Amino acid sequence: MTILLALLAGLIFGLGLLLSGMSNPAKVLGFLDIGGAWDPSLAFTMAGAISVAMPCFFWARHHSRTWLGLPLELPARTGVDRKLVLGSVLFGIGWGLSGICPGPALVGLGGGFLPAGVFALGLYFGIVLYSRINEPVQRPDA
Amino acid sequence: MGIHMSIDWLQFTPWTALAGGGLIGLSAGLLVTGLGRIAGISGIFAAMFQSREPGNGWRWAFILGLLLSPWLLQALTPEVPVFPEFEITHPRQWLVLAVAGLLVGYGTRMANGCTSGHGVCGLARLSPRSLAAVSIFMGSAMVTVALRHLLGGAS
């Protein structure tokens, strides 16, 4: 049931990215181009996503178990630290260079959209690089 | 010189953008109320490979759903192309895409979230930390796009 629900959520998320235009890099770059010919469409995507998700998170805050009986694990961190700031700056540079963020990268990879596939390769190595630098693997002796 | 803003009405698609957003919100809502998890794609994708904890299967299933979604859409609307045409005019553009991916992968791990985790889930639960992250990555992306225009680096 857990697996089925996760699969369904992934499918719905992907359809949402495709329908909204988030999976089209040119559309995303048009949204980020506030100084040029601005396409504000994706602001409606954010508004739509947040307004549907908000009551669900409100429900989650007032329950300790999900409707499947699983424990609810919401992030507890609240502070803004150097890593959050620097990481977000780097993410924004990559997003602005390509018009692609992680969700659309995977949707594009699955659908054979080549620019997203090349981006996804970089994405994977970026994740690996971060954990190599910050959480070095403890190699067993001998 | 005042602030000049022009809206690209030809590209403006508020209804599909809103409906697509609704689906994204629905997915995030299902995941948190059913599985008790945050629909943060960068986090799920990273933990999928790295997490040694049992019960990692839901991550693989969620990512599989993302990968399969274009095929589902293609089956629902066979006459509409799922992805736009793209034209690579210079090999350098592949390098830019790969480097952009690298920056996004590294940056989202460092900031512990991307457009979905901070942008949708974080803002929906009114997290100040996520609001800071979203303001910073949107600002940084907008500056990057503006700088590319200034430097004449089209697409």
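## Overall organisation of chain B

Helices (H or I, at least four residues) and strands (E, at least two) are taken as DSSP runs and numbered from the N terminus. On that basis, chain B of this predicted model reads β-α-α-α-α-α-α along its sequence. Its secondary structure amounts to six helices and one strand.

Along the principal axes, the C-alpha atoms of chain B fill a box of roughly 55 × 40 × 35 Å. Chain B has 155 residues, and buried residues account for 51% of them. Of the contacts in chain B between residues at least 6 apart in sequence, 33% link residues at least 24 apart.

## The nonpolar core

The largest nonpolar core comprises 67 residues. Those with the most contacts inside this core come from both chains: A:Phe13, A:Leu32 and A:Trp95, together with B:Leu31, B:Phe62, B:Ile63 and B:Leu66.

The surroundings of A:Trp95 also draw on both chains. Setting aside neighbours within four places in sequence, A:Trp95 is in contact with A:Met22, A:Val28, A:Leu29, A:Leu32, A:Ile100 and A:Cys101 in chain A, and with B:Val104, B:Thr115, B:Phe137, B:Met138 and B:Ala141 in chain B.

## Helix packing between the chains

Helix 4 of chain A (residues 82-98) packs on helix 6 of chain B (residues 128-150) at an angle of about 40°, with 7 Å between the axes. The two helices are therefore oblique to each other, and their crossing is right-handed. On the chain A side, the residues that meet helix 6 of chain B include A:Val85, A:Val89, A:Phe91, A:Ile93 and A:Trp95. Among their counterparts in helix 6 of chain B are B:Ala133, B:Ile136, B:Phe137, B:Ala141 and B:Val145, as well as B:Arg129 and B:Arg148. By class, the contact of helix 4 of chain A with helix 6 of chain B has 14 nonpolar, five polar and two charged residues.

## Helix packing within chain B

Helix 2 (residues 41-50) and helix 3 of chain B cross at roughly 125°, and their axes come within 9 Å. These helices are therefore oblique to each other; their crossing is left-handed. Helix 2 of chain B contributes B:Ile41, B:Ile44, B:Phe45, B:Ala47, B:Met48 and B:Phe49 to the contact, while helix 3 of chain B contributes B:Trp58, B:Arg59, B:Trp60, B:Phe62, B:Ile63 and B:Leu66. This contact has 11 nonpolar, no polar and one charged residues. Three of its members, B:Phe62, B:Ile63 and B:Leu66, are also named among the residues with the most contacts inside the largest nonpolar core.

## Buried serines

A:Ser23 is located in the loop between helix 1 (2-20) and helix 2 (25-32) of chain A. Its relative accessibility is 7%, so A:Ser23 counts as buried. Beyond its neighbours within four places in sequence, A:Ser23 is in contact with A:Leu17, A:Leu18, A:Pro104, A:Phe113 and B:Phe83.

B:Ser69 belongs to helix 3 (residues 57-76) of chain B. With a relative accessibility of 0%, B:Ser69 counts as buried. Apart from neighbours within four places in sequence, B:Ser69 is in contact with A:Leu11, A:Gly14, A:Leu15, A:Leu18 and A:Val107.

A:Phe57 sits in helix 3 (residues 41-61) of chain A and is buried, at a relative accessible area of 2%. A:Leu74 is 17 residues away from A:Phe57 in sequence, and their C-alpha atoms are 9.1 Å apart.

A:Leu114, in helix 6 of chain A, is partly exposed, with a relative accessible area of 46%. Not counting residues up to four places away in sequence, A:Leu114 touches B:Phe86 and B:Trp94.

Definitions and conventions:
Residues numbered from 1 in each chain as written. Chains lettered and ligands numbered in written order. Predicted model: local features only at pLDDT ≥ 70, side-chain atom pairs only at ≥ 80, totals over all residues. Heavy atoms only, no water. Core = buried A, V, L, I, M, F, W, Y, C linked by side-chain atoms within 4.5 Å. Buried < 20%, exposed > 50% of the residue type's maximum accessible area, 1.4 Å probe, protein only. Contact = heavy atoms within 4.5 Å. Axes fitted to C-alpha atoms, helices over the stretch in contact; angles between N-to-C directions. Parallel < 35°, antiparallel > 145°, perpendicular 65-115°, else oblique. Left-handed = near helix turned anticlockwise from the far one by under 90°. Nonpolar A, V, L, I, M, F, W, Y, C, P; charged D, E, K, R; others polar.
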